[in-house]
Structure formats: structure tokens, C-alpha cells
Amino acid sequence: GQPADPAPAPGTYPDGVTMLPHPTATTQDSVTIATASLAVSLMHWSNDAPSAHVSRHLYDTLVNMNYDTFEIEPNLAVSWNFIDAQTVSMVLREGVIFSNGDPLTAYDVQFSIDRAADNPHAAAITGMISHVTVQGTYEFTVHLLENFSPILRHLAHPMAGILPRDHYLEVGHDAFGLAPVGTGPYMLSNWVSGDRVELVVNPNHWGPIPVVQTITWREVPDPSSRLMAVQTGEADVALGVAVADIPVAAADPSVRLLRRQTLGTDYLGFNCEAPYLYSPLVRRAIAYALDTTAIFNAAWGDNGYVGVGPLSSIVWGFANTQPYNTGSQAGNEARARELLAEAGYPDGFNSTIWFNTGNTMRQDVAEMVAAALRPIGIELEVQGLEWSDYLARTEIGEHDMFILGWTTVTGDADYGLHPLFHSTMHGPNNRSRFTYYPLDELLDRGRAETDPAIRLEIYYEAQQMIRDQAPQIFLRQGQEAMAINPAMRNMVINPAGHHYYGRVWFE
């Protein structure tokens, strides 16, 4: 694969942004973001990127991840102490109130984290938590089911945001979902499914009050239309600039193009419980048939890096697993035919491949995969599904092959591997429905081990094993290409995709 850009030095950004002090004035007090897909849930009931992108403005987490240094910093919790490998005591910031005026206490933390620990959609983030005990108004302890080294990184995830216990219990699950309450810098003002999500500033926020008073996410599935919205002034941010539009945006003085390597990957996934895809021989045959470098170049151009494993190269624990017995990255049709015959399908079979509508790159990839597999006898029907339907149906296993991505938000190999490949994670995370018990054992050891050097060895071995079993074909290490209003200041790409607008202002 292509070499990755080096990680940015603390306080600097690859896109050339210089962070300025928190502004007190702005020539424009609203931000409009054109995005391919809107949030599915704003109350931690869907672990998808569009939902997290909005939720991080509504809720605060106990700690923050600094995505320049990848260090953990205080947020709602001002201090913490590891009593042992399964017990973390923490102290809350005093004087914080929710957007409805309720004061934040340790009981809200206990309720929120215990609720998240029991939430199947948050299992990848909080499933290792046993319970929380309260020692005082601002003191509490997080108890883990097992040793889990990256727990603080997980508590920084938007799915671990803190909700007001009493208010939630008073209004109920459904009503809270329509009018969420948090301690974040913004509050929900309007949510029209399929159209827009609008936030307004939270005057009760404990931190600096943003000068941007309103944030609006508009659903614009076509990437060229998103770019055009910024060019015409209808939007201030266009997410996911298409490969073909990158040189257009770079040359246009009416927009500013920002780019940064992300913590995400894109992959071709297999439902390993589907009859034709159950055998790793079939999955390896497909890997041999695909020229992943050519697919990357055609779909993404220079926007990212060729996939060489299930992790982005800026994730701690990344291993370059250049395929050897799952095929080269240049394609090998003869070997693919041999493996298909060995698996019992010398004449191939018919199947389907899904992508989410509005993502033209994934549509292109699905069509290229279908074209590449036709010569070895595999006929694929290419189907596009709307985002929420796509998530719901792949979660319950109605699919065969699919194109999707994963962002290792915590920056730690555990979160890039355990949710996607552990046999206990079938459903919202392990959409490949992959089960391989030797890998389970490795992943369990990796998350319990406290010695970083030993953890690295475990994760290197795990990534080799994933490559050999081929529940996924690795296509791309991600890069965000974002077009913005050139008057925007302090707009920084978050490599986890949770871009933040609370520091933004307009010159």
C-alpha cells in the first residue's frame, strides 16, 4: 500500500489549519453541513457515524480523546485513578448543569454508563463494563467485567455520553429520543427525517459558549450537489467530496479543501453465514479474483491509501497484512477458480452485493466487484439501499456481500478488531457474522493484557489470522476530503469523523 502520512505533531494539522483562540465575534452565526446521510438516533441507540457526528454536540463524555496527540484529557471527569485493572475511580467536574437546568451528579453518570453497558448497540463501546457505584455527589467508580486496557478511550466515545437520569426516567425512552437533553454545547431544535437536523446553542453549557448559534445538517446524497451547495453559499461544509470533485474543489477560490487521513477503513464484507460464503475457501477465491489496488485507484484515486489490513495505519496496533494466501493485490483469476472448485463451486454461483445509496464510491466498488467476479462464474446483483434500511437489514443478516466502513474511533486496535470479528458481536458491529474461535481467544487476550509490547504481538497475530480467514477484503485506509466556506476559521477534520463546530467562527 501507499505510505501513510506521518501523524501530525501536537497542535498542528495536516490540512494547514492554525487553531485560533476561542472567538468572541463572528460575521456569520450559523453553520450548514451538507452530508450524505443523517443521524439515525440521537440517544445512543445506533453506533453509526452520522449519529455520533451530531450527538457529540449534544452530550459530553467523561473524558475526551485529543485526536492530535491521541492522549486522553479531562472533560466531565476532572480526575481518575486505576484502583486495579478492573476498577477506575473518577471525580466529576462540579457546577455542570444539563440543558434543561438539572445539575449533573454521579447518579447521572451511573445511570448513563449502566444503561450503555446494557445497550446492544453500544456493546462494542461499553460491553466490558459491569456497573458503576456512587461514592458521593461527584465521586463514582467504574467496575469492569474483566481487565480492559483501553477503557478510558472507550469512555471518550460519543456512545458513552452522559444523560440526565431523572429527566429521562420522567419522560421515557421515546419522548427523550425526540427531545434529547445533555450537557453539551448545543441542543436539538428541529429534526426532519430525510431532510435535516438543526441544533441551537446551549446557554447552560459549562465550557466556552460557541459563537455559532445554530448548526444544521442537511441530507444531500449526491456528492457533487454537496460541493455545489458550498460553492453557491447554501452550505458551509460539504462532507465526503467525491474523488472526481477533489481537483475541482482545490482549484475553486469559492471553497477551501481540507484533507486528512482518518481512523477509518472501507471493506468488502461477506455474510459468513450465507450458504455460498460460509467457506473461507470461497472468500479467499474472491480475494484472489479482485485487484484491490485497481479498485482503490478507480473508486478513490489518491483520496486515502490502499487497504492492507482491517486497521488504518494511524491506529495503535496496526499491522501491514499484505495478502499472501488470500491473493495478491493485483488479482489472480486462475487461483480463484482453483479455490472455488475446491470449495465445491467449480461453476460459481449467484449472489448479491449491497451498498448504501448516496455513497457513489461504494456503488462504484460494488459494480467493479461484480464485474471482476463474473469471469470466475460468480454473478452478483448490485443493490442499493437507503442508509437506515441498509443498517437494519445488514444487522439481522439478510445480506450476502456488502460494502461498508469502520472507524476505529478509540485509536486502539481492540476497537478496530473485537467489534467486527469477535463471535459475540454478531449484529450491529460484526455484520459479517464471522465466528472463528482461535481469533476470539486472541482478541480476548489482547484486551485483557496490560503490557503494550505483548498487546502488539497479539494484535499482529490476530490481523494475520483475519487476513487468512477473509471475512473482509480490505480496500482502503480512509481520508476525509471536506470542502468548506473559505471564511470559516478553526474548522478541523476529526479523523474519527466526529467533526466539531463549537470552536468555529467566520472572518
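What follows covers some strand pairing and then one aspartate.

First, some housekeeping: this is a predicted model, where local features need pLDDT of at least 70, side-chain atom pairs count only at pLDDT 80 or more, and totals for chains, interfaces and linings use all residues. Residues are numbered from 1 along each chain as its sequence is written, and side-chain values use heavy atoms, with hydrogens and water left out.

Start at strand E1, residues 30–35; strands here are DSSP runs (E, at least two residues) and helices are too (H or I, at least four), numbered from the N terminus. Five of the six residues in E1 are buried, meaning under 20% relative accessible area with a 1.4 Å probe, protein chains only.

Now look at who E1 pairs with; two strands pair if DSSP finds at least two bridges between them. Strand E10 (residues 214–219) runs parallel to E1, with six bridges joining the two. Serine 30 has threonine 214 as its bridge partner, and valine 31 stands opposite isoleucine 215. E1 also pairs in the parallel sense with strand E11 (residues 237–238), over two bridges, and there alanine 34 partners alanine 238.

Back to E10: strand E9 (residues 196–201) joins it through five bridges, this time antiparallel.

Finally, find aspartate 252 in the loop between helix H8 (246–251) and strand E12 (256–270). What does its side chain touch in a polar contact? Glutamine 231, at 2.9 Å; such a contact is a pair of N or O atoms within 3.5 Å, one able to donate a hydrogen and the other to accept it, and residues adjacent in sequence count only if both atoms are side-chain atoms.

How values were computed:
Buried < 20%, exposed > 50% of the residue type's maximum accessible area, 1.4 Å probe, protein only.
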